[in-house]
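The following note is meant for a colleague who is meeting this structure for the first time. Please read the numbered points with the sequence and the model in view.

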Amino acid sequence: MSRLIDGKVISAAVKERVKNEVSQLNEKGITVGLAVIIVGEDPASKIYVANKKKACEALGIISEEYALPESTTEKELLGLIDTLNAKKSINGILCQLPLPRHLDEKRIINAISPEKDVDAFHPVNVGRIMIGDYDFVPCTPAGIMEMLAYENIETEGKRCVVIGRSNIVGKPMAMLLLHKNGTVTICHSKTRNLKEICLGADILVAAVGKAKFVTADMVKEGAVVIDVGMNRENGRLCGDVDFEAVKDKASAITPVPGGVGPMTIAMLMQNTLTAAKRQNGIG
Ligand code: NAP
């Protein structure tokens with residue numbers, strides 16, 4: 001059995017660090033505030049938003065929730081974002097995706113001030129990640145880098161393979177590994193010889209969205225395997241990696257649940273703290 005990379009332990013450490021820093025800022029009279037906007041009744045989104053609110057409360061971050069009806073117009077939503085962009089007590093703004101179809105996601109994300117864009121989806125922040133000069137990184141890849149650092153897993157000179165090229169996971173993940181001097185290959189649905197490419201990986205990140213997609217014959221002996229997937233199989237949460245088969249081959253592996261998942265909210269808290277520090281001229 002390989003070493004288990006425990007997202008619950010590592011996310012707790014991140015949250016403890018954030019909580020201490022928030023309390024130090026509070027002592028200087030500086031508050032940290034996050035606004036979360038949710039439009040419509042999507043049950044999964046409601047759970048995510050409730051969890052974000054709970055995390056804020058536990059860490060001393062002020063959270064404001066804006067639950068808008070499905071019928072909200074783009075003009076109304078843009079108006080709210082304008083107000084929050086200008087609101088001093090709010091340091092981070094997050095608009096829970098997906099939005100109802102009649103709302104243009106791109107236009108909404110672009111309206112959030114880059115300084116308050118704690119999801120790091122705004123093109124300015126995406127561009128800053130490209131050039132390696134960034135404050136915010138999308139929370140899931142940021143959480144994975146935190147896990148690798150916590151576990152003292154070296155990336156420099158390592159062959160890193162990322163399966164998936166989404167804007168929120170695959171692409172930023174690849175950039176972060178590149179900034180840490182990994183030799184990075186990005187794979188996607190049109191990639192040929194996927195198995196051979198994966199077999200060359202010292203660090204393999206799976207962000208595909210298909211249950212048990214990565215099988216043992218795709219993993220090199222001793223590789224580090226990071227499973228981003230959150231899939232439902234027979235009602236149970238399950239990753240993109242066939243954990244039972246891969247765990248004996250990998251040197252270290254993240255489980256699902258309890259791996260990358262818990263890191264995402266912790267890194268949102270970290271990004272919100274960073275936003276508050278920057279807006280107050282600290283760090
Ligand atoms: P996505 O936008 O659907 O992207 C999936 C990627 O996988 C695409 O780039 C796609 O390639 C690629 N892919 C699909 N089939 C493939 C195949 N047969 N071979 C190689 N590549 C293939 O998904 P996402 O938003 O990145 O999320 C990926 C997974 O992570 C999902 O299970 C999601 O629920 C989970 N997730 C977890 C967290 C967390 O907090 N743990 C956060 C975000 C996402 P193309 O580009 O060619 O279509």
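What lies 2.6 Å from an oxygen atom of the ligand? The points below begin with that question and then turn to the sheet and to individual residues.

1. The model under discussion is predicted. In it, a polar side-chain atom of S166 is found 2.6 Å from an oxygen atom of the ligand, which answers the opening question. Backbone atoms also take part: a backbone N or O atom of M230 lies 3.0 Å from a ligand oxygen atom, and a polar backbone atom of V228 is 3.4 Å from an oxygen atom of the ligand. The ligand taken alone exposes 930 Å², and the protein buries 72% of that area.

2. The surroundings of the ligand deserve a separate look. The ligand is surrounded by 22 residues, and the closest are R165, S166, S189, M230 and T264. By residue class, the shell divides into 10 nonpolar, 10 polar and 2 charged residues. Helix α10, which covers residues 260-279, gives the most to this shell, with 3 residues.

3. Turning to the sheet, 6 strands form an open arrangement with parallel pairing, in the order β1-β11-β8-β7-β5-β6. The edges are taken by β1 (3-4) and β6 (183-187); each has a single partner strand, so one side of each is left without a neighbour in the sheet.

4. Strand β5 may be followed in more detail. With β7 (residues 203-206), strand β5 (residues 159-163) pairs in the parallel sense over 4 bridges, and V162 has V205 of β7 as its bridge partner. Is β5 largely enclosed or left open by the rest of the structure? Strand β5 is largely enclosed, because 4 of its 5 residues are buried.

5. The pairing of β5 with β6 is also parallel and runs over 5 bridges. Here the bridge partner of I163 is C187 in β6.

6. One runs from L97 to P98, with omega near 0°; P98 sits in the loop between β4 (92-95) and α4 (105-111). Another runs from V256 to P257, again with omega near 0°, and P257 belongs to the loop between β11 (252-253) and α10.

7. Two asparagines show positive phi values. N181, in the loop between α7 and β6, has phi near 65°. N234, in the loop between β9 (231-233) and β10 (236-238), has a positive phi of about 50°. How does each of them count in terms of accessibility? N181 counts as partly exposed because its relative accessibility is 43%, whereas N234 counts as exposed because its relative accessibility is 78%.

8. A further asparagine, N125, lies in helix α5 (residues 123-131). Its relative accessible area is 5%, so N125 is buried. The side chain of N125 is joined to that of D117 by a polar contact of 2.7 Å.

Terms used: Residues numbered from 1 in each chain as written. Predicted model: local features only at pLDDT ≥ 70, side-chain atom pairs only at ≥ 80, totals over all residues. Heavy atoms only, no water. Pairing = 2+ DSSP bridges. Buried < 20%, exposed > 50% of the residue type's maximum accessible area, 1.4 Å probe, protein only. Near = heavy atom within 4 Å. Polar contact = N/O pair within 3.5 Å; in protein donor to acceptor, adjacent residues only side chain to side chain. Areas by Shrake-Rupley, 256 points an atom, 1.4 Å probe, with all protein chains shown as cover. Nonpolar A, V, L, I, M, F, W, Y, C, P; charged D, E, K, R; others polar.
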